[in-house]
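Got your viewer open and ready? Let's take a walk through this one, a stop at a time.

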Amino acid sequence: MLPTPTGTPFTFFYAVVLALTSYVTAHADTALVRALHENSSTDVTHLLSAPVPVLAASALWVAGGIASPFVLGFLLVLTALERRIGGVRTAGVFLLGHVLATLATEVPVGLAVLVGHLPDSSLHRLDYGISFGVAASVGALAGLLTPWLRLPLLAVFGGLLLRDLFALTDPLSDWGHLIALAIGVGTWPWVRRWAATESVGASS
């Protein structure tokens, strides 16, 4: 159920990176951590000036630290997904959710600022973390499970996301999680094909 360096190398070594950055977050000087997070933020300003570096950097941190429930989700879900479709394809699903959900939430912010519906400060909204990628991976994994596991997984995870959305704590991120989950569900035709390919390769 947990990643290993040989069985699920992508998930394992990514988890090592997240453990290191979480250690920095917990123990480094507060001003330094704030600066690192701000420079890794996928806000509108950074997306316009350096989209690729900031999208990569934002995925190196865990919003909320190592105690975030998305850490457990990362370990369990990406391990299960990587065992079924391989490391490169798992990375692709994760990045697809991370990138598309980020753009789907930040582009409207930029447009709203442009037409005067939001203040300029919204262009610098702090936004980083792995949660969009994890949500997309949950959606993708659900497509590889039997119906009696798939439906409860989507119902429970989707219900938690909706609860957070209705709480209005961080509506932009909460919408992003739902979008990322839908992106993962949208990958079912591909992940099922990849899983079948991996299964044939393992048995031959």
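Here is a tour in a handful of selections, with a few words on what to look for at each.

**Before you start**

What you have on screen is a predicted model, so local features are described at pLDDT of at least 70 and side-chain atom pairs at pLDDT 80 or more, while totals for chains, interfaces and linings use all residues. Residues are numbered from 1 along each chain as its sequence is written, and side-chain values use heavy atoms, with hydrogens and water left out.

**Stop 1: the aromatic cluster**

Select F10, Y14, F74 and F94: these residues form one aromatic cluster. The whole structure has 5 aromatic pairs. Rings of Phe, Tyr and Trp (for Trp, its six-membered ring) pair if their centres lie within 6.5 Å; planes under 30 degrees apart count as stacked, over 60 as edge-to-face and the rest as tilted.

Zoom in on Y14 and F74. Their pair is edge-to-face, with 5.1 Å from centre to centre and 90 degrees between the planes. Y14 lies in helix α1 (residues 9-27) and F74 in helix α5 (residues 69-85), so this pair ties together parts that are 60 residues apart in sequence. Helices here are DSSP runs of H or I with at least four residues, strands are runs of E with at least two, and both are numbered from the N terminus.

F94 lies in helix α6, so the pair with F74 of α5 ties together parts that are 20 residues apart in sequence.

(Buried means under 20% relative accessible area, exposed over 50%, and partly exposed in between, using a 1.4 Å probe and protein chains only.)

**Stop 2**

Axes are lines fitted to C-alpha atoms, for helices over the stretch in contact, and angles run from 0 to 180 degrees between N-to-C directions.

The crossing of α1 and α5 is right-handed. A crossing is right-handed if the near helix is turned clockwise from the far one by less than a right angle, and left-handed if anticlockwise.

Which residues of α1 and α5 meet? Select P9, F10, T11, Y14, A15 and L18 in α1, then F74, L75, L78, T79 and E82 in α5. The residues of this contact divide into 8 nonpolar, 2 polar and 1 charged. (Ala, Val, Leu, Ile, Met, Phe, Trp, Tyr, Cys and Pro count as nonpolar, Asp, Glu, Lys and Arg as charged, and the others, Gly among them, as polar.)

**Stop 3: W61**

Next, pick W61, in the loop between α4 (51-58) and α5. W61 is buried, with 8% relative accessible area. Leaving out residues up to four places away in sequence, W61 touches L18, T21, T25, L36, H37, S40, Y128, G129 and I130, where contact means heavy atoms within 4.5 Å. The C-alpha atoms of W61 and T25 are separated by 8.6 Å, although the two are 36 residues apart along the chain.

**Stop 4: α8 and α9**

Select helix α8 (residues 147-167) and helix α9 (residues 171-186), whose axes come within 8 Å and cross at roughly 160 degrees. α8 and α9 are therefore roughly antiparallel to each other, and their crossing is left-handed.

Then look at F157, in helix α8. F157 is buried, at 16% relative accessible area. Beyond its neighbours within four places in sequence, F157 is in contact with F70, A135, V138 and L181.

**Last stop: L168**

Finish in the loop between α8 and α9, where you'll find L168. L168 is exposed, with 59% relative accessible area. Check its backbone: phi of L168 is near 60 degrees, a positive value in a residue other than glycine. Most residues other than glycine have a negative phi.

Note on methods
Parallel < 35°, antiparallel > 145°, perpendicular 65-115°, else oblique.
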